[in-house]
Amino acid sequence: MSKRIKYSVGDVFAVDLGDALKGYGRILKIDEPSLFIELFKVSPKHEQTLETLANSESILSIWCSNHGITKDIWSIIGSISVKGEVQIPDFWKRDAFNPNRIILVKGEHAFEETEEENSYEVAQDKIKDAQPYGIFGHDAVKMRYEHELKQQGLL
């Protein structure tokens, strides 16, 4: 019988990026079986301490499945308490029927309208700091994290 892995808000975990590189994230919110996590903007070439991570900024905040934790793919290394209410960032997604159309999701349910009446189409430049929308699997989290680290010159 396999061991049940327990986790809670504030738990910090390590993400194996291959080639002895490690990224780090923290659970901000739990909505079983989904987790809202942040991934830290740190160099994956160096081992990080909880103290260093507590003073690091996020590079990405996304919803993901809990499988990274429950399948022991990501290892919990400690906890950093989450202070205050977690702010859900704006998200963006492509329209399923028109891939040229981008939809901006504000909060958990609202869409931002453009100048055109009743249109939810948002120009690419309006999504600025919005994160990709959806619930990511552990492999998709790793790929997106690597992409963001490369964009920041950290990988």
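**Exercise 1.** Are phenylalanine 36 and tryptophan 63 buried or exposed?

*Solution.* The model is predicted, with local features requiring pLDDT of at least 70 and side-chain atom pairs pLDDT 80 or more, while totals for chains, interfaces and linings use all residues. Residues are numbered from 1 along each chain as its sequence is written, and side-chain values use heavy atoms, without hydrogens and water. Buried means under 20% relative accessible area, exposed over 50%, and partly exposed in between (1.4 Å probe, protein chains only). Phenylalanine 36 and tryptophan 63 are both buried.

**Exercise 2.** Determine how many aromatic pairs there are, and describe the pair of phenylalanine 13 and tryptophan 74.

*Solution.* Rings of Phe, Tyr and Trp (its six-membered ring) pair if their centres lie within 6.5 Å; planes under 30 degrees apart are stacked, over 60 edge-to-face, and the rest tilted. The count is 2 aromatic pairs. Phenylalanine 13 and tryptophan 74 are stacked, at 4.7 Å centre to centre and 10° between the planes. Phenylalanine 13 and tryptophan 74 are both buried.

**Exercise 3.** Identify the residues that touch the most other members of the largest nonpolar core.

*Solution.* A nonpolar core is a set of buried Ala, Val, Leu, Ile, Met, Phe, Trp, Tyr and Cys residues joined through side-chain atoms within 4.5 Å. The largest one has 26 residues, and those touching the most other members are Phe13, Ile37, Leu39, Trp74, Val141 and Tyr145. Beyond its neighbours within four places in sequence, tyrosine 145 is in contact (heavy atoms within 4.5 Å) with residues including Leu17, Leu39 and Ile59.
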